[in-house]
Amino acid sequence: MATISSLFSSPNLLHHPTKPIKASPKLTLQILKATPFQGSYLKLTSRDSQRLYAVAEEVAADPSSKAARRVYIGNIPRTVDNAELTKIVEEHGAVEKAEVMYDKYSGRSRRFAFVTAETVEDANTIVEKLNGTEIGGREIKVNITEKPLLQPDLSLVQAEESQFVDSPHKVYVGNLGKGVTTDTLQKLFSEKAKVLSAKVSRVPGTSKSSGFGFVSFSSEEDVEAAISSFNNTFFEGQRIRVNKA
(Lines give C-alpha, C1' and ligand atoms only; values in the text may rest on other atoms or scores of the structure.)
Protein backbone atom coordinates (compact mmCIF):
# COMPACT_ATOMS: atom_id res chain seq x y z
CA MET A 1 0.00 0.00 0.00
CA ALA A 2 1.37 3.40 -0.99
CA THR A 3 2.25 5.88 1.72
CA ILE A 4 0.97 9.45 1.75
CA SER A 5 4.40 10.81 0.95
CA SER A 6 4.89 8.47 -2.04
CA LEU A 7 1.48 9.39 -3.46
CA PHE A 8 2.15 13.11 -3.40
CA SER A 9 5.63 12.66 -4.84
CA SER A 10 4.35 10.64 -7.79
CA PRO A 11 5.03 12.29 -11.19
CA ASN A 12 1.47 11.57 -12.25
CA LEU A 13 0.16 13.84 -9.52
CA LEU A 14 2.73 16.61 -9.73
CA HIS A 15 3.20 16.99 -13.48
CA HIS A 16 0.80 17.80 -16.27
CA PRO A 17 1.60 15.90 -19.46
CA THR A 18 2.14 19.17 -21.39
CA LYS A 19 2.80 21.79 -18.72
CA PRO A 20 5.02 21.05 -15.72
CA ILE A 21 3.70 22.06 -12.31
CA LYS A 22 6.12 22.97 -9.58
CA ALA A 23 5.35 21.07 -6.39
CA SER A 24 5.33 22.83 -3.04
CA PRO A 25 8.60 22.32 -1.24
CA LYS A 26 6.74 21.27 1.88
CA LEU A 27 3.35 19.55 2.20
CA THR A 28 1.39 19.89 5.43
CA LEU A 29 -1.45 17.46 6.19
CA GLN A 30 -4.01 18.88 8.66
CA ILE A 31 -6.26 16.48 10.58
CA LEU A 32 -9.62 18.01 11.44
CA LYS A 33 -11.21 17.13 14.74
CA ALA A 34 -14.55 15.36 14.35
CA THR A 35 -17.57 17.29 15.62
CA PRO A 36 -20.74 15.80 17.11
CA PHE A 37 -23.60 14.95 14.73
CA GLN A 38 -25.92 17.93 14.29
CA GLY A 39 -29.31 16.54 13.20
CA SER A 40 -29.39 16.20 9.42
CA TYR A 41 -25.78 17.35 9.11
CA LEU A 42 -26.83 20.95 9.71
CA LYS A 43 -25.40 23.22 12.36
CA LEU A 44 -28.20 25.47 13.60
CA THR A 45 -27.66 28.93 14.99
CA SER A 46 -29.59 30.12 18.01
CA ARG A 47 -31.93 32.07 15.73
CA ASP A 48 -32.50 28.98 13.54
CA SER A 49 -33.38 26.90 16.62
CA GLN A 50 -35.87 29.49 17.81
CA ARG A 51 -37.53 29.46 14.40
CA LEU A 52 -37.78 25.67 14.41
CA TYR A 53 -39.33 25.65 17.89
CA ALA A 54 -41.83 28.28 16.77
CA VAL A 55 -42.80 26.15 13.76
CA ALA A 56 -43.14 23.05 15.97
CA GLU A 57 -45.41 24.92 18.39
CA GLU A 58 -47.49 26.20 15.49
CA VAL A 59 -47.93 22.67 14.11
CA ALA A 60 -48.87 21.33 17.56
CA ALA A 61 -51.52 24.00 17.94
CA ASP A 62 -52.80 23.58 14.39
CA PRO A 63 -56.55 22.89 14.59
CA SER A 64 -56.35 20.95 11.34
CA SER A 65 -54.19 18.29 13.04
CA LYS A 66 -55.35 14.68 13.01
CA ALA A 67 -56.62 14.81 16.60
CA ALA A 68 -59.00 17.64 15.74
CA ARG A 69 -60.32 15.67 12.76
CA ARG A 70 -60.82 12.35 14.58
CA VAL A 71 -64.43 11.50 15.36
CA TYR A 72 -65.71 8.85 17.79
CA ILE A 73 -68.88 6.99 16.75
CA GLY A 74 -70.42 4.75 19.42
CA ASN A 75 -73.29 2.25 19.77
CA ILE A 76 -73.16 1.14 16.12
CA PRO A 77 -74.62 -2.25 15.10
CA ARG A 78 -72.18 -5.16 15.06
CA THR A 79 -72.87 -5.73 11.36
CA VAL A 80 -71.48 -2.33 10.33
CA ASP A 81 -67.99 -2.62 8.84
CA ASN A 82 -65.46 -0.03 7.67
CA ALA A 83 -66.87 0.25 4.14
CA GLU A 84 -70.48 0.68 5.27
CA LEU A 85 -69.52 3.19 7.95
CA THR A 86 -67.52 5.21 5.43
CA LYS A 87 -70.51 5.30 3.08
CA ILE A 88 -72.80 6.55 5.87
CA VAL A 89 -70.42 9.23 7.14
CA GLU A 90 -69.43 10.48 3.68
CA GLU A 91 -72.96 11.79 3.20
CA HIS A 92 -72.06 14.54 5.68
CA GLY A 93 -68.31 15.11 5.21
CA ALA A 94 -65.20 13.89 3.42
CA VAL A 95 -63.61 10.84 5.09
CA GLU A 96 -59.90 10.08 5.18
CA LYS A 97 -60.24 6.84 7.16
CA ALA A 98 -62.91 4.83 9.00
CA GLU A 99 -62.04 2.06 11.44
CA VAL A 100 -64.49 -0.14 13.33
CA MET A 101 -62.97 -1.52 16.55
CA TYR A 102 -63.10 -5.27 17.20
CA ASP A 103 -62.61 -7.31 20.38
CA LYS A 104 -59.28 -9.13 20.21
CA TYR A 105 -60.67 -12.19 22.00
CA SER A 106 -64.01 -12.80 20.29
CA GLY A 107 -63.39 -10.99 17.00
CA ARG A 108 -66.77 -9.29 17.34
CA SER A 109 -67.36 -5.61 16.73
CA ARG A 110 -66.99 -3.54 19.90
CA ARG A 111 -69.86 -1.36 18.64
CA PHE A 112 -67.78 1.77 18.19
CA ALA A 113 -65.46 3.23 15.59
CA PHE A 114 -63.15 6.12 14.80
CA VAL A 115 -63.43 8.22 11.66
CA THR A 116 -60.75 10.66 10.54
CA ALA A 117 -62.29 13.45 8.47
CA GLU A 118 -60.47 15.32 5.70
CA THR A 119 -60.84 18.68 7.46
CA VAL A 120 -61.89 20.07 10.84
CA GLU A 121 -64.99 21.50 9.17
CA ASP A 122 -65.91 18.02 7.90
CA ALA A 123 -65.42 16.57 11.40
CA ASN A 124 -67.65 19.19 13.01
CA THR A 125 -70.36 18.70 10.38
CA ILE A 126 -70.27 14.92 10.86
CA VAL A 127 -70.78 15.34 14.61
CA GLU A 128 -73.57 17.87 14.11
CA LYS A 129 -75.45 15.77 11.54
CA LEU A 130 -74.98 12.25 12.95
CA ASN A 131 -74.95 12.55 16.74
CA GLY A 132 -78.23 11.19 18.12
CA THR A 133 -79.34 9.67 14.81
CA GLU A 134 -79.95 5.95 14.26
CA ILE A 135 -78.05 3.29 12.36
CA GLY A 136 -79.82 -0.06 12.13
CA GLY A 137 -82.28 0.96 14.84
CA ARG A 138 -79.55 2.00 17.28
CA GLU A 139 -79.06 5.59 18.43
CA ILE A 140 -75.43 6.45 17.86
CA LYS A 141 -73.18 8.80 19.82
CA VAL A 142 -70.84 10.97 17.78
CA ASN A 143 -68.24 13.43 19.07
CA ILE A 144 -64.71 14.70 18.52
CA THR A 145 -62.31 12.43 20.40
CA GLU A 146 -61.16 13.69 23.78
CA LYS A 147 -57.66 14.82 24.65
CA PRO A 148 -55.38 12.06 25.94
CA LEU A 149 -55.23 11.51 29.68
CA LEU A 150 -52.30 12.56 31.79
CA GLN A 151 -49.88 9.68 32.15
CA PRO A 152 -50.81 8.69 35.76
CA ASP A 153 -54.52 8.33 34.87
CA LEU A 154 -53.70 6.47 31.67
CA SER A 155 -51.54 4.06 33.66
CA LEU A 156 -54.50 3.24 35.90
CA VAL A 157 -56.69 2.48 32.89
CA GLN A 158 -53.99 0.27 31.38
CA ALA A 159 -53.53 -1.54 34.70
CA GLU A 160 -57.27 -2.20 34.90
CA GLU A 161 -57.20 -3.65 31.38
CA SER A 162 -54.22 -5.89 32.11
CA GLN A 163 -55.80 -7.27 35.29
CA PHE A 164 -58.82 -8.66 33.44
CA VAL A 165 -58.91 -12.49 33.66
CA ASP A 166 -60.15 -13.79 30.32
CA SER A 167 -62.14 -16.99 30.03
CA PRO A 168 -64.08 -18.93 27.36
CA HIS A 169 -67.06 -18.41 29.68
CA LYS A 170 -67.73 -14.72 29.22
CA VAL A 171 -70.60 -12.29 28.64
CA TYR A 172 -70.84 -8.97 26.85
CA VAL A 173 -72.68 -6.25 28.77
CA GLY A 174 -73.97 -3.40 26.60
CA ASN A 175 -75.62 0.00 27.12
CA LEU A 176 -73.80 0.69 30.37
CA GLY A 177 -74.22 4.08 32.03
CA LYS A 178 -71.29 6.50 32.07
CA GLY A 179 -70.86 6.09 35.82
CA VAL A 180 -70.47 2.30 35.75
CA THR A 181 -67.01 1.14 36.85
CA THR A 182 -65.27 -2.21 36.73
CA ASP A 183 -65.91 -2.67 40.45
CA THR A 184 -69.65 -1.92 40.31
CA LEU A 185 -70.04 -4.18 37.26
CA GLN A 186 -68.29 -7.07 39.00
CA LYS A 187 -70.31 -6.51 42.17
CA LEU A 188 -73.60 -6.66 40.23
CA PHE A 189 -72.89 -9.99 38.54
CA SER A 190 -71.41 -11.49 41.69
CA GLU A 191 -74.93 -11.44 43.15
CA LYS A 192 -76.02 -14.27 40.83
CA ALA A 193 -72.86 -16.05 39.66
CA LYS A 194 -69.24 -16.77 40.46
CA VAL A 195 -67.32 -14.00 38.72
CA LEU A 196 -63.70 -14.41 37.70
CA SER A 197 -63.21 -10.89 36.46
CA ALA A 198 -64.91 -7.85 34.94
CA LYS A 199 -63.91 -4.78 32.94
CA VAL A 200 -65.53 -1.69 31.48
CA SER A 201 -64.15 -0.87 28.05
CA ARG A 202 -62.67 2.60 27.63
CA VAL A 203 -62.28 4.83 24.60
CA PRO A 204 -58.58 4.33 23.75
CA GLY A 205 -56.37 6.98 25.32
CA THR A 206 -59.09 8.30 27.65
CA SER A 207 -60.94 7.33 30.82
CA LYS A 208 -64.29 7.65 29.03
CA SER A 209 -66.47 4.53 29.08
CA SER A 210 -67.28 3.04 25.70
CA GLY A 211 -70.69 2.04 27.08
CA PHE A 212 -70.02 -1.68 27.31
CA GLY A 213 -67.97 -4.22 29.24
CA PHE A 214 -67.18 -7.88 29.76
CA VAL A 215 -67.61 -10.26 32.68
CA SER A 216 -65.85 -13.64 32.78
CA PHE A 217 -66.89 -16.73 34.75
CA SER A 218 -65.51 -20.14 35.61
CA SER A 219 -68.34 -22.17 34.05
CA GLU A 220 -71.02 -22.11 31.38
CA GLU A 221 -73.67 -22.46 34.07
CA ASP A 222 -72.58 -19.12 35.51
CA VAL A 223 -72.84 -17.55 32.05
CA GLU A 224 -76.41 -18.78 31.63
CA ALA A 225 -77.31 -17.58 35.12
CA ALA A 226 -75.89 -14.14 34.41
CA ILE A 227 -77.79 -13.77 31.13
CA SER A 228 -81.12 -14.94 32.56
CA SER A 229 -80.72 -12.73 35.63
CA PHE A 230 -79.54 -9.44 34.09
CA ASN A 231 -80.38 -9.25 30.38
CA ASN A 232 -82.84 -6.36 29.75
CA THR A 233 -82.74 -5.28 33.38
CA PHE A 234 -82.02 -1.76 34.62
CA PHE A 235 -78.63 -0.92 36.07
CA GLU A 236 -77.81 2.61 37.21
CA GLY A 237 -80.69 4.04 35.22
CA GLN A 238 -80.15 2.21 31.93
CA ARG A 239 -81.52 -1.03 30.50
CA ILE A 240 -78.50 -3.24 29.91
CA ARG A 241 -78.05 -6.03 27.36
CA VAL A 242 -76.27 -9.21 28.37
CA ASN A 243 -75.31 -11.98 25.96
CA LYS A 244 -72.50 -14.45 25.33
CA ALA A 245 -69.25 -12.90 24.17
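User: Anything to know before we start?

Analyst: This is a predicted model, so to speak: local features need pLDDT of at least 70, side-chain atom pairs count only at pLDDT 80 or more, and totals for chains, interfaces and linings use all residues. Residues are numbered from 1 along each chain as its sequence is written, and side-chain values use heavy atoms, with hydrogens and water left out.

User: OK, the sheet. What's the strand order?

Analyst: The order is β8-β9-β7-β12, an open sheet of 4 strands with antiparallel pairing. Helices (H or I, at least four residues) and strands (E, at least two) are DSSP runs, numbered from the N terminus, and two strands pair if DSSP finds at least two bridges between them.

User: Which strands stand at the edges?

Analyst: β8 and β12, each with a single partner strand, so one side of each has no neighbour in the sheet. Neighbouring strands are turned by 20 degrees against each other on average, direction ignored. For angles, axes are lines fitted to C-alpha atoms, for helices over the stretch in contact, and the angles run from 0 to 180 degrees between N-to-C directions.

User: How many bridges does β9 make with β7, and how many with β8?

Analyst: β7 and β9 pair over 5 bridges, while 6 bridges join β8 to β9. Val173 stands opposite Gly213 in β9, and Lys199 is opposite Phe214 in β9.

User: Is β9 buried or exposed?

Analyst: Buried: 9 of its 9 residues are, so β9 is largely enclosed by the rest of the structure. Buried means under 20% relative accessible area, exposed over 50%, partly exposed in between (1.4 Å probe, protein chains only).

User: What about helices on that sheet?

Analyst: α8 lies across β7, β8, β9 and β12, running at about 140 degrees to β8. α9 packs on the sheet too, touching β7, β9 and β12, and its direction makes about 155 degrees with that of β12. Contact here means heavy atoms within 4.5 Å.

User: Which residues of α9 are buried?

Analyst: Asp222, Val223, Ala226, Ile227 and Phe230. They cover an arc of only 135 degrees around the axis, which puts them on the same side of α9; the arc is that of the directions from the helix axis to the C-beta atoms. These buried residues pack against β7, α8, β9 and β12.

User: And on the other side of α9, which are exposed?

Analyst: Glu221 and Ser228. After the helix comes Asn232, whose phi is positive, near 65 degrees.

User: Switching topic: how many salt bridges does the structure hold?

Analyst: It holds 5, a salt bridge being a side-chain nitrogen of Lys or Arg within 4 Å of a carboxyl oxygen of Asp or Glu. One of them pairs Glu220 with Lys244, the closest N and O atoms being 2.9 Å apart. Glu220 lies in α9 and Lys244 in β12, so the pair ties together parts that are 24 residues apart in sequence. Glu220, Glu224 and Lys244 are linked in a network of salt bridges.

User: What does Arg69 pair with?

Analyst: Glu96, with the closest N and O atoms 3.1 Å apart. Arg69 is in helix α4 and Glu96 in strand β2, 27 residues apart. Arg69 is buried at 10% relative accessible area, whereas Glu96 is partly exposed at 44%.
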